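Hi everyone, and thanks for making time for this. I'd like to walk you through a structure that may be new to you, so let's bring it up on the screen.

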Amino acid sequence: MSVGQRRERKKRRILVHTVAAAVAVAATAGTVAAAPPGLVGTARAQAAAPAAELQRDFAEAAREFDVPQSVLMAVSYRQTRWESHDGLPSTTGAYNVMGLTQVDPEDLEDGHDDHDGHGHEGEDGDHRLAHMNRSGDPAVEKHFDAREALRSVREKPVDTSDPRLHTLDEAARLIGASPDAVREDPAQSVRAGAALLAAYQRRATGKLPDDPGAWFPAVARYSQAPDRKGARLFADRVFESIRSGEQRVTSDGQRLVLPADPSVQPARSAKAPLAAAATGTAATSAATPAPECPTGLNCDFRPAAYKQNSGPDDWGNYNVASRPSGGHDIRYIAIHDTEGSYDGSLAVFQNSSTYASAHYMVRASDGLVTQMVENKNEAWHAGNKTLNMHSIGIEHEGYAIKEGSWYTEPQYESSAALVKYLAGRYGIPLDREHIIGHDEIPGVLDSKVRAQHWDPGPFWDWNHYMSLLGAPTGAGGAGGPVKAGQLVRFVPPFTSANQPKLTNNGAPVPAQPANFGYLYTSPSTTSATIGDPYLGTQTWSEGWNWGNKLVAGGTFVVAEAREDWTAIWYGGQKAWFHNPGGQYTVPASAGTALRAKPGVSVKVYGRSYPADAAYAGTGVPVQDQNSASLTKYTLPAGQLYTLAGDAVPGTYYYGGLIDGSGAGSRTLVQGGTLFYPIRYNHRFAWVSADEVEQVPGTAPDPATDRHNTLARDGSGVLWQYQGTGDAASPYLTRYRIGSGWDAYDAITSMTALRADGTGDAVARDASGGLWYYQGSGIPSAPFKARLYVGRGWQIYDAITGAGDLTGDGRADLVARDTAGYLWLYEGTGNPAAPFAARTSVGRGWQIYDSLTAPGDVTGDGRADLVARDTSGGLWLYQGTGGAAAPYSARSSIGTSWQIYDALIGPGDLNRDGRPDLVARDAHGQMWLYQGRGSATAPFATRAAAGTGWQGYDLFV
Ligand SMILES: [Ca+2]
Ligand SMILES: [Ca+2]
Ligand SMILES: [Ca+2]
């Protein structure tokens, strides 16, 4: 299937969802498929989306094959998080929402060119070399002989006849569908997965029980783990999901819910049938250390080679050390992918002529964690001596087959469990300045920058991974304005909203959610992307061209901000990225920026070595180019870069002789100069602490004095327009709060809706029931779960939150009945029973077609009301502060207001302390009337406030 066909198919699928969404909301209340309206768009269930077709697929397949729906959904969740990946395979040949496998000989990479996360065109001609020579220490690298290494390592071929690589074929046969259909159609994937689970369960127990807990054997078997511990690990994760529930919106916008059922008891005592004969831990012997691993994870230890090559000063594949003692501390965890199979990569690390190793490798199919080098030792994985000295390297199995690139859920979960454990053990902060990709590690010297690796690549989901670590990046937030000098973390969504163009050696890569955004020379996607001086002129869209790619999780300093574009200081340049409404960044909660000291030409280093003098008396030979910087990089005056960790001394650890004998062997040299690690460009770098000065980041914009307008579209989706606080451009790009809001025929704010997620509202449903929404304080999900106020509210044809009319500090409500009587509902301050009994304000109010309460328009501290009559006259009713007669006699504001089809009182949009009025005309143009604090001329002349507001049927 061509890329074009895939795109077509995807488009069709999305169209189907759109149609389904339009009818789904009313029909699904009370079912599992959709959260009730009270939850949608609230803090309890944020980012709500249309009821999902996929949810129905699970229900139907569960019925068809007699598999409990919770088991089926939880298995899928723990394989793929319900993602279809558009029918593309995982790094190891798993497909679609059920993660069924299909790997044939023609799917395996041919290994000729090197476009796989390691170097790029013209470098390292054989991709196998990319695994090798990773010490990043010229003193070790000089021993490496590429021909010898290639000769001695025979890549272990993947056995494509292994049934574990053909669960898709088996499952397709069970349902009588074509493998194509199971790969590409989520409904068929779910059916096939259900049929396979049922077959496993029948084989294990001879029946298909109703009790989900009894399905433990089938779920364990579904893991395809060849060992009992791996099978149990997967099954335990699945039953954790069943017991605690899961819900999420998939990257193509489908919202799925697996309700929690804590009553399910997994039948762990049942014998778990395995996918292959239990191999045990074959490599383990008395001399093999126990893996350093958290309890519950499936881990083994298969040692990397530690063996002499040409002489006692030449060996592979790591340095024996005693980390973290004596200054040889562990500060980072580096995430890699292998670009090869688990077995093949292990063979590389177990051959001493490769000069490469990693502490751990995580298998893709089942999340097995294999340790190869003890953490006290310095593995050679990063291609950067400084990083190798101070990090733990974790490889993730993945080999480039077909067009796919996604990482499996068992692999993410095992890796995250391991990293959490290691971070706790070594005191490594769980942030993206310390949990880093290989692609973020610099080349050590000028000659090494260009070929430095770029794995784990654009499809590693940093947002998901950091969430699993308990340290979410903040992606998916409601955004906000950013300011020059502010430190912001880049958090693009890993969804179909962010599928930047990529090519691989000129060939288009199918559009998929990715972890980066492009950096441009000016605030436009039509401008050139920025370049890196070491890469030179290259095709901007090539995956390996890391110079123009801003990766998720990095914190940078804002150089300039314009509406939907943000510029940061990056690699000595001012680099722009698309940042709609500020939603692709979050303010760094704390942070320090660095800049060049006046008059100093700052050197940028790819490693932090001690100066020559520090070697004196250590027995360690003085290393070459100890003070060499990356000469094409600098910190131009006025630019600010993020301090990315503690100041550190320059360090060099000398391996010496293989047995540790001899002068200077296994000795750490530590210099006096302090280095700061910085976020420099796509990669980290170091600068000398003597050459820079610290500057606190500019404080982020407080959201407390910016007011929002909410708008509901024709499909019931509620959108949040944050106020900017600036009259010239009063609203940010909209943010989707959630769907299902068409259950109401009236929604009005009780108190000002602020950008910090505070402010209350009430809503009336179609049967006349009134609901109270308290502000949550969460900007992206601004309301708590709704509270029922009472019934009978259908008698009113206007309901307006009026502000505090009675002077007691509590917000009140006015409502007009169809006879034209206006009624006051005094606020009680208790959200559960928010209103006292109504009192009459007066009659004759039927002449108005709009009642808006912008706040205190006149500046006397009392809330006022603005009413438009049916001939377009606008009238001001000043608040009196008394409940008995809350409004004084009306006065005219002006005429011809019938040109507007909506009048909205959003609060104070320009932060001058006076409430404003906005109005939408028939063309979807919004107009701002700034409040003046005057009873005689309450509003200034109108100013344009943005276009594109048509299509909304209700404003709050
Ligand atoms: Ca009141
Ligand atoms: Ca007033
Ligand atoms: Ca104002």
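Predicted model: local features only at pLDDT ≥ 70, side-chain atom pairs only at ≥ 80, totals over all residues.

Pro456 sits in the loop that runs between strand S14 (435–437) and helix H14 (462–468).

Now let's step back to the whole chain. How many helices and strands does the chain have? There are 14 helices and 49 strands. Along the principal axes, the C-alpha atoms fill a box of roughly 100 × 80 × 45 Å. The radius of gyration is 31 Å, which agrees with the value near 30 Å that a compact globule of 956 residues would have. Of those 956 residues, 55% count as buried. And if you take the contacts with a separation of 6 or more, 63% of them come from residues 24 or more positions apart.

Let's zoom in on a pair of helices. Helix H6, residues 167–175, packs against helix H8, residues 186–205, with the axes 8 Å apart and at an angle of about 90 degrees. That makes H6 roughly perpendicular to H8. Which residues meet there? From H6 we have Thr167, Glu170, Ala171, Ala172, Leu174 and Ile175, and they meet Arg191, Ala192, Gly193, Ala195, Leu196 and Ala199 of H8. Sorted by class, this contact of H6 with H8 has eight nonpolar, two polar and two charged residues.

You'll find Glu60 in helix H2, residues 53–65.

One more helix, please. Helix H11, residues 342–349, is mostly covered, with six of its eight residues buried. Those buried residues are Tyr342, Gly344, Ser345, Leu346, Val348 and Phe349. What covers them? The cover includes strand S10 (360–362) and strand S13 (391–396).

On to the strands. In our model, four strands form an open sheet in the order S32-S31-S30-S49, and the pairing is antiparallel. Why is one side of S32 and of S49 left without a neighbour in the sheet? Strand S32 (735–738) and strand S49 (952–955) stand at the edges, so each has a single partner strand. On average, neighbouring strands of this sheet are turned by 35 degrees against each other, direction ignored. Inside the sheet, S30 (residues 709–713) and S31 (residues 718–721) pair over four bridges. As one example, Thr709 has Tyr721 in S31 as its bridge partner.

Strand S41, residues 848–855, is mostly covered too: seven of its eight residues are buried. S41 pairs in the antiparallel sense with strand S42, residues 864–869, over five bridges. There, Ser850 stands opposite Arg868 in S42.

I'll finish with a pair of backbone details. His85 has a phi near 50 degrees, a positive value in a residue other than glycine. This histidine is found in the loop between helix H3 (69–80) and strand S1 (94–95). With 22 C-beta neighbours inside 10 Å, His85 counts as buried. Arg666 also has a positive phi, near 50 degrees. Arg666 lies in the loop between strand S26 (648–654) and strand S27 (667–679). Arg666 has 19 other C-beta atoms within 10 Å, so this arginine is partly exposed.

Technical notes:
Residues numbered from 1 in each chain as written. Chains lettered and ligands numbered in written order. Pairing = 2+ DSSP bridges. Helix = DSSP H or I, 4+ residues; strand = E, 2+ residues; numbered from the N terminus. Axes fitted to C-alpha atoms, helices over the stretch in contact; angles between N-to-C directions. Parallel < 35°, antiparallel > 145°, perpendicular 65-115°, else oblique. Contact = placed C-beta atoms within 7 Å. Nonpolar A, V, L, I, M, F, W, Y, C, P; charged D, E, K, R; others polar. Rg over C-alpha atoms; globule rule 2.2 N^0.38 Å. Buried ≥ 20, exposed ≤ 12 C-beta atoms within 10 Å, placed from the backbone.
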